[in-house]
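Q: I've got a model open and want to learn how to read a strand and a ligand site. Can we walk through it?

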Amino acid sequence: MTTPAPWRRAVVTGGAGFLGSHLCERLLDAGVEVDCVDNLLSGSMDNIAHLEGRQGFRFSHCDVSSSDRTADELAGPYDLVLHFACPASPADYLRHPLETMDAGSLGTRNALTIAHRDGARFLLASTSEVYGDPLVHPQREDYWGNVNPVGPRSVYDESKRFAEALVTAHAGTKGMNAGIVRIFNTYGPRMRAHDGRAVPTFVCQALAGEPVTVTGDGSQTRSLCYVDDTVDGVLRVAASQAVRPVNIGGGDEATVLDIARRVIALAGSTSPLTFIVRPEDDPERRRPDTTLARELLGWEPRVSWEEGIKRTIAHFSATPGPASPAPRD
Ligand SMILES: NC(=O)c1ccc[n+]([C@@H]2O[C@H](COP(=O)([O-])OP(=O)(O)OC[C@H]3O[C@@H](n4cnc5c(N)ncnc54)[C@H](O)[C@@H]3O)[C@@H](O)[C@H]2O)c1
């Protein structure tokens, strides 16, 4: 993001979540007033407790999928709308399938309406899940994906695909300055120990000395990105005029088994590995092509895997909790 930030006042939906809370913080640090909107479905006030009382920060407990409440709560005017509200971990969206579809459809429409009212830049948090279980590697933005529309993950994948279509239609018919960022697996402090995603699960299990649960034989791959890098990429996409999707994600593709081994080693743990059933439709390979982000925005991940995991281990060491159930991402 350029300094000073090119915005005066922003709204972050899902601002009490993992990514949203980091975005709120980074915007406040750059002198931007921030309205953080969240219904606390999967987020927590703990994530933003340190922001309460900071000048320019306001929290609204509001369901962004409810049009009346959203318009009332978000008086604005804003010059930036970041739509991040949506359950994001498989455990959360499988527990809340209808709310997930509402967040992508009604929630996105309501957030777009606010941005259109104020003539604000709009950015949708989309996901690598729009590529489904990809048949093309690495995944470029012009790949259409391989999604099962009636599988267990479809509530999330199709909700985001619909949201992307909605944003594109608004940009086309209303001339809005609306962009889409496709975020790949991100990890770091403020993830929930129980959210079922691989990194917090492995870290908590390793710290507790419990068996580290790898799904399947662990040969499926993920490309992880540390939260500071993802937030930097998101804000660069926001500050650009890009109206086509932009991938933001890590370049270090690793098997889930390797990720588990690295976490155990960095935690100095003696946890054994254990292998459990792999979830249905779990993607085989995940690797972003980030050429567009590099050429358009000068963005590249900077935090090494080792450094990011060490910071994440330090976070969970300071906020201990019981190990999570098996990872599903
Ligand atoms: N973390 C990742 O690796 C990742 C990857 C791809 C995309 N994303 C996207 O980024 C966004 C944030 O993900 P996250 O990892 O921080 O998840 P998260 O669950 O920590 O955050 C989502 C936040 O949205 C809130 N929310 C959900 N529905 C809402 C609604 N109807 N109204 C208001 N608030 C609502 C939740 O309470 C939570 O605070 C999501 O849109 C997700 O799809 C995240």
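A: Strands here are DSSP runs of E with at least two residues, helices are runs of H or I with at least four, both numbered from the N terminus, and two strands pair if DSSP finds at least two bridges between them. This is a predicted model, where local features need pLDDT of at least 70, side-chain atom pairs count only at pLDDT 80 or more, and totals for chains, interfaces and linings use all residues. Residues are numbered from 1 along each chain as its sequence is written, and side-chain values use heavy atoms, leaving out hydrogens and water.

Q: Which residue is the bridge partner of R182 in β11?

A: N247. With β5, strand β6 pairs in the parallel sense over 6 bridges, and L123 sits opposite G179 there.

Q: Which way do the residues of β6 point, and are they buried or exposed?

A: In a regular strand, side chains alternate between the two faces of the sheet. Here A178, I180 and R182 point one way, G179, V181 and I183 the other, and all are buried (under 20% relative accessible area with a 1.4 Å probe, protein chains only; exposed is over 50%, partly exposed in between).

Q: How many residues surround the ligand?

A: A residue counts if one of its heavy atoms lies within 4 Å. That gives 30 residues, with D38, S42, D63, Y156 and K160 the closest. An N or O atom in the K160 side chain is 2.8 Å from a ligand oxygen atom.

How values were computed: A polar contact is a pair of N or O atoms within 3.5 Å; within protein, one must be able to donate a hydrogen and the other to accept it, and residues adjacent in sequence count only if both atoms are side-chain atoms.
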